Amino acid sequence: MGACGRALGCCLLLALACGPALGRVPRGQQAPRDQEKTQGDAREEATKEPPRPLEPAERVGENPERGHLTGGDGELPASRCFRCCDPAGPVYPPLHLPQINITILKGEKGDRGDRGLQGKYGKTGSAGARGHVGPKGQKGSMGAPGDRCKTHYAAFSVGRKKPLHSNDYYQTVIFDTEFVNLYGHFNMFTGRFYCYVPGIYFFSLNVHTWNQKETYLHIMRNGEEAAILYAQVSDRSIMQSQSLMLELREQDEVWVRLFKGERENAIFSDEFDTYITFSGYLVKHATEP
């Protein structure tokens, strides 16, 4: 809009300045009389000094009351064409462009856009100071029972209340008192423990010696001596014990045997107290890791 107004003003000024010149007759078409007059005027003009260039205020001025171009004396300037190479060209009045209030064109606030992608994580900071200890929580509910860590059992403990003397042969010690006999693995009639659960077992034998008599017994496994319990002849009777661990297979047998010797061999007991005991139990099943 500003460029069009400025171009229109320029065209109007050129029309006012060059209008009379455009209305002249071309030099080639002038009458002879006019040509002579023109030539005389040209010679006269050549003898004259060149005109002084007009100042901008003298050349063109603007009368604010009339709103049009005037000369230095307030009158309209003479119709004259100016060239681009003249020292001072025509001065045109400044064009006042309309000002637009941008605030009127401001629209309403738009909707919120979508959330952008998450940026990269920053460096891990240093650990802060330890906080205060919080209050103690409430007691939780009881959990479900766990699996049994051991599923195989075998144990026995028996005793004898009668004394026993040796004869001319080996004699198996028979027990008459049963303290523990889990699953009946110990046979009270034969005096033997039969292994139905293979694994490692612990056995213990306790006896009471007799005054002036030798005490000589074996803990047997399948007809072989595994351990011996021995006490020499003494004026005093004492308690003697022997213990060991055996790795048994299924159907193995364990019992106590009185040894046959040259001297009298015996173990003491009575009907009121139990002085002779034999015990054993499973420590680890053969299939457990």
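Rings of Phe, Tyr and Trp (its six-membered ring) pair if their centres lie within 6.5 Å; planes under 30 degrees apart count as stacked, over 60 as edge-to-face and the rest as tilted. This is a predicted model, where local features need pLDDT of at least 70, side-chain atom pairs count only at pLDDT 80 or more, and totals for chains, interfaces and linings use all residues. Residues are numbered from 1 along each chain as its sequence is written, and side-chain values use heavy atoms, without hydrogens and water.

**Exercise 1.** Classify the ring pair Tyr 201 and Phe 203.

Solution. Start with the search of the whole structure: 17 aromatic pairs are found. Take Tyr 201 and Phe 203: the ring centres are 6.1 Å apart and the planes lie at 20°, so the pair is stacked. Then check burial (under 20% relative accessible area is buried, over 50% exposed, in between partly exposed; 1.4 Å probe, protein chains only). Tyr 201 has 0% relative accessibility and counts as buried. Phe 203 is buried too, at 0%.

**Exercise 2.** Find the rings under the charged ends of Arg 192 and Arg 257.

Solution. Apply the test: NZ of Lys or CZ of Arg must be within 6 Å of the ring centre and within 35 degrees of the ring normal. The charged end of Arg 192 sits over the ring of Trp 255, 3.7 Å from its centre. For Arg 257, the ring is that of Tyr 170, with the centre 4.2 Å away.

**Exercise 3.** Locate Ile 104 and state its exposure.

Key: Helix = DSSP H or I, 4+ residues; strand = E, 2+ residues; numbered from the N terminus.
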